[in-house]
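The following exercises are to be worked through with the sequence and the model at hand. Each task is followed by a solution in steps.

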Amino acid sequence: MDIVGTGLSSMAGILIFALVAAGVAKIYQIGTTLSEIKELLASLKRDTQMPLSSYPFASAESADQLLRAVSAELDHPVPPVSVEHRD
């Protein structure tokens, strides 16, 4: 009976060691993945930074063209609206 107890104790120790080692490896893997994601997001942000104009549309005509393009894709077109020019 003493041999069975020793064997079970050894197996439990090996199992606990394997679980701790797997946990440490998984934490390292998660850290590596997060750092790669951080680098990708930083490079994406760096590549897509463009100076934005203070006005979303350069003119009322471009806004009207955009409205017409969106309206053409809808199932229920937006009725045309007269645009007042502000100077």
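**Exercise 1: Serine 35**

Serine 35 has a relative accessibility of 35% and therefore counts as partly exposed. The model that gives this value is predicted.

Task: Determine in which helix serine 35 is placed, and which backbone oxygen lies 2.8 Å from a polar atom of its side chain.

Solution. Step one: serine 35 belongs to helix H1. Step two: the oxygen in question is that of threonine 32. Step three: a polar contact requires N or O atoms within 3.5 Å, and the distance here is 2.8 Å.

**Exercise 2: Leucine 44**

Solution. Step one: helix H1, which covers residues 2–48, contains leucine 44.

**Exercise 3: The whole chain**

Task: State how many helices and strands the chain has, and what percentage of its 87 residues count as buried.

Solution. Step one: there are two helices and zero strands. Step two: buried residues make up 1% of the 87.

Notes
Residues are numbered from 1 along each chain as its sequence is written. This is a predicted model: local features need pLDDT of at least 70, side-chain atom pairs count only at pLDDT 80 or more; totals for chains, interfaces and linings use all residues. Side-chain values use heavy atoms; hydrogens and water are left out. Helices (H or I, at least four residues) and strands (E, at least two) are DSSP runs, numbered from the N terminus. Buried means under 20% relative accessible area, exposed over 50%, partly exposed in between (1.4 Å probe, protein chains only). A polar contact is a pair of N or O atoms within 3.5 Å; within protein, one must be able to donate a hydrogen and the other to accept it, and residues adjacent in sequence count only if both atoms are side-chain atoms.
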